[in-house]
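Please keep the sequence and the structure in view while reading.

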Amino acid sequence: VSTQSTGLDERTLERLRQFIGATLTRDGNGEMAKRLMTTLEQRVAERAARASFAVAPRLNVPEFDCAPIKILVRCSSSDVAAQMTLIEADMFRAIKPAELLSQAWNKPALKYRAPNVLEMIARSNKVSRFVASSVLWQRKRSARASMYGKWLQVADRLCRLNNFNTLMGVLAGLNMSSVNRLKHTVALLGAKHVALKEKLQALVSPSQSFKAYRGCLHQITGAAVPYLGVYLTDLTFTEDGNKDMVAAREGGKATLINFKKRALVHNVVAELQLYQQGAVYDVTKIEPLHTMLLEVPSISEEALYALSMLREPRGADVSSIV
């Protein structure tokens with residue numbers, strides 16, 4: 001039961017259940033039957049988990065009939081980065097100034113005012129899960145390392161395209177706990193990939209209020225998709241740190257509009273609008289890659305961690321990792 005049950009078909013499993021539950025119990029082996037049944041059901045559950053976690057969902061594009069991972073592997077890192085940039089540039093340009101006021105994206109009662117901001121936030125989370133999923137869907141350690149390296153190459157191309165929003169999503173996916181714990185997989189990365197990740201992480205580091213990233217962004221003269229999270233953070237601090245109304249004199253009643261606060265909010269929104277105007281890329285859609293990256297199929301964070309534990313069990317020696 002412990003070693004062979006995962007290879008049995010449903011009919012044989014049912015007969016085995018009947019034997020354990022009826023014959024062994026009838027013959028006075030109740031405790032043994034209970035232990036065997038528990039072991040059997042655990043093995044069956046593990047088999048079901050592997051079947052659901054190990055295979056990437058197929059893209060619903062009948063004329064191509066190709067699994068997302070195969071599309072990803074087949075296409076160059078430059079093409080992947082370009083298509084992701086085309087998608088997110090469109091989403092970025094769709095954001096309206098009014099969506100950025102009063103922290104509408106962060107308040108349940110006001111979220112209806114910020115549909116495009118929320119869509120872009122959701123997109124970043126989906127990209128991160130897709131990146132993590134694509135690494136963990138690889139059964140072999142070498143294949144996982146190869147996919148990890150490919151995403152670093154994509155991240156590098158995104159940086160060259162000045163698409164910092166998607167760059168952050170990709171790096172977040174590689175830094176998810178389910179991927180970050182794969183020490184035996186990461187150990188296979190070459191020195192160039194390790195150095196590349198360190199360089200990109202330093203660029204988008206949140207230290208000193210994203211000083212390195214802001215400096216890089218403000219030197220760009222061409223098309224760019226800035227990291228939306230920085231603008232939302234700036235707006236949040238401005239909104240929370242300044243009162244809407246102020247008093248004409250110290251100790252007086254707050255009856256005057258705080259125009260300083262409005263000016264600070266305007267500066268943030270105006271900068272975002274400036275980049276929106278320039279976020280136009282001369283990129284042609286490539287199918288089915290574009291559609292796949294629009295959908296970015298993935299599994300939940302809970303499933304990702306469960307799959308990660310299957311790929312590299314906690315405390316496992318490298319010799320036991322496929």
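## Basis of the report

This is a predicted model, in which local features need pLDDT of at least 70 and side-chain atom pairs count only at pLDDT 80 or more, while totals for chains, interfaces and linings use all residues. Residues are numbered from 1 along each chain as its sequence is written, and side-chain values use heavy atoms, with hydrogens and water left out.

## Salt bridges

Side chains of opposite charge can pair when their charged atoms come close. A salt bridge is defined here as a side-chain nitrogen of Lys or Arg within 4 Å of a carboxyl oxygen of Asp or Glu. By this rule there are 7 salt bridges.

One of them joins glutamate 88 to arginine 123, with the closest N and O atoms 3.3 Å apart. This pair links distant parts of the chain, since glutamate 88 belongs to helix α4 (residues 77-93) and arginine 123 to helix α5 (residues 115-136), 35 residues apart. Helices are DSSP runs (H or I, at least four residues), numbered from the N terminus. A residue is buried under 20% relative accessible area, exposed over 50% and partly exposed in between (1.4 Å probe, protein chains only). Glutamate 88 counts as buried because its relative accessibility is 1%, and arginine 123 is buried at 5%.

## Pairs within a helix

Aspartate 90 and arginine 93 form a salt bridge with a closest N and O distance of 2.5 Å. Both lie in helix α4, 3 residues apart, about one turn of the helix. Aspartate 90 is partly exposed at 39%, as is arginine 93 at 36%.

Arginine 160 and aspartate 156 also meet in a salt bridge, at 2.9 Å from N to O. Because they are 4 residues apart in helix α6 (residues 141-160), about one helical turn separates them. Arginine 160 is exposed at 60%, whereas aspartate 156 is buried at 8%. Salt bridges with shared partners join Asp156, Arg157, Arg160 and Lys199 into one network.

## Helix α13

The buried residues of α13 are Lys261, Val265, Val268, Val269, Leu272, Tyr275 and Gln276. They lie on the same side of α13 because they cover an arc of only 120° around the axis, taken from the directions from the helix axis to the C-beta atoms. The face turned away from this buried side carries the exposed residues Phe259, Lys260, His266, Leu274 and Gln277.

Key:
Helices (H or I, at least four residues) and strands (E, at least two) are DSSP runs, numbered from the N terminus.
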